[in-house]
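Biologist: I would like to go through this model question by question. Please put the structure up, and give the cut-offs as we go.

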Amino acid sequence: MLNALWNPIVAGEIPLPHRLAMAPMTRNRSTPEGIPTELNAEYYAQRASHALIITEGTQPNADGQGYLLTPGIYSEEHIAGWRKVTDAVHKADGHIVIQLMHAGRMSHPDNTPHHRQPVAPSPVQPAGDMFTPSGPQEMPVPRELSTEEVAATVDDFRHAAAAAIAAGADGVEIHGANGYLLHQFLATNTNQRTDRYGGSIDNRIRFAVEVATAVAEEIGASRTGLRISPGNPFNDIAESDTHDLYPALVRALAHLDLAYLHIGNHGGDDELLHTLRKLWPNTLVLNRAGTDIATRAKDIEDGIADIVTVGVMALANPDLVERVRTGAPLNTPDPATVYGGGEAGYTDYPTHTA
């Protein structure tokens, strides 16, 4: 069954030597200004044997930051920082796409340099606390983006995609999952708008389709992917119409001829997963979190997925691909260090041959 993992594939215009890719994971180790460092470059280069590295969520504008020490990709300084990362990955014969993530309402003013109120489709306060420099704090009610600001945000994604390519990335993945801005437009509990971006399914998918269209126009559809997580309640999202909403979204995206669609955290709804597989004409990337490699490889063998992504396993095992090939044991991740800063739980996991 694992043989299915090792067949080469081309995602858009990105040639990949096998089917085991690295999922995006927030790591909180950039500078306060959102600039990647040599430590980030070392981390990603260590994992370059994965078929494709999808980076941590990277804000496309200043209002897109949600968490502390996350990277940006909208300034010349960000481009220079990411160039260190992409050069290191390419030197190690890897491929890397930068994930564009606008956190929307999942933020706190204390986590951003500008200290502004978070923005969102509607002024709906998220449940839960946000970790800030002074400890956990309640997230505020976000400010509703005006119709004109929504259009401006689409342009910010366009600009960020161009910046990612200027930084040497092989492409970008647009984050439309896990309760962040694109997902907030899709869900009825977070989108209570009455303009052309709210109400009907066609209106609620509009922002995601416009972002994907703008990015594909800017850098080429063959270098553009998009991630969704149908029915995932993470970050206080509630969706009751997934079997209507997501087929409509995927049909609209299919016309753009994107490099890939990345489905993650779909709540075990395999009926919907199979529906989306039939609707999507290009490469489908699947993250079936919490399962072993054999289960993920079976999705490729069964034709449900073309590529599978791994998160925590890739974090704790920089040489995961070689370990899987040879049947070597895996390192156990240390949850206490995941967001701790520095090399602990980041670049210090041993390789099998170390």
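Modeller: One definition to start. A polar contact is a pair of N or O atoms within 3.5 Å; within protein, one must be able to donate a hydrogen and the other to accept it, and residues adjacent in sequence count only if both atoms are side-chain atoms. The model is predicted: local features need pLDDT of at least 70, side-chain atom pairs count only at pLDDT 80 or more, and totals for chains, interfaces and linings use all residues. Residues are numbered from 1 along each chain as its sequence is written, and side-chain values use heavy atoms, with hydrogens and water left out.

Biologist: Which residue has its backbone oxygen 2.7 Å from a polar atom of the side chain of Thr-190?
Modeller: Thr-190 sits in the loop between α4 (181-186) and α5 (201-204). Helices (H or I, at least four residues) and strands (E, at least two) are DSSP runs, numbered from the N terminus. The backbone oxygen 2.7 Å from that side chain belongs to Gln-184.

Biologist: Does Thr-190 count as buried or exposed?
Modeller: Buried means under 20% relative accessible area, exposed over 50%, partly exposed in between (1.4 Å probe, protein chains only). Thr-190 has a relative accessibility of 1%, so Thr-190 counts as buried.

Biologist: Which residues does Thr-190 touch, not counting residues up to four places away in sequence?
Modeller: Contact means heavy atoms within 4.5 Å. With that sequence limit, the residues that Thr-190 touches are Arg-105, Pro-121, Ser-122, Val-124, His-183, Gln-184, Asp-236 and Ile-237.

Biologist: On to helix α9: why do its buried residues line one face of the helix?
Modeller: In α9 (residues 293-301), the buried residues are Ile-293, Arg-296, Ala-297, Asp-299 and Ile-300. The arc is that of the directions from the helix axis to the C-beta atoms. Seen down the axis of α9, the buried residues line one face because they fall within an arc of 145 degrees.

Biologist: What covers the buried residues of α9?
Modeller: Just after α9, Gly-303 takes a positive phi of about 85 degrees. The cover over the buried residues of α9 includes β3 (20-22), β13 (283-287), β14 (307-310), α10 and α11 (320-326).

Biologist: What is the relative accessibility of Thr-309?
Modeller: Thr-309 belongs to strand β14. Among its contacts are Ala-21, Met-22, Val-285, Leu-286 and Arg-296. Thr-309 counts as buried, because its relative accessibility is 0%.

Biologist: What phi does Asn-265 have?
Modeller: Most residues other than glycine have a negative phi. Asn-265 lies in the loop between β12 and α8 (270-279). Asn-265 is not a glycine, yet its phi is positive, about 50 degrees.

Biologist: What is the volume of the largest cavity?
Modeller: On a 1 Å grid over the protein atoms alone, a cavity is a set of points where a 1.4 Å probe fits but cannot get out, and a pocket is an open set with protein on both sides within 12 Å along at least five of seven lines; lining residues have an atom within 4 Å of a point. Grid points are joined across faces, edges and corners, and a volume is the space filled by probe spheres set on the points. The count comes to 1 cavity of 30 Å³ or more. The largest cavity has a volume of about 50 Å³.

Biologist: How much space lies in the largest pocket?
Modeller: By this rule, the space in the largest pocket is about 990 Å³.
Of the 39 residues that line the largest pocket, the closest to its centre are Pro-24, Met-25, Thr-26, Phe-234 and Tyr-339. The volume, again, is about 990 Å³.
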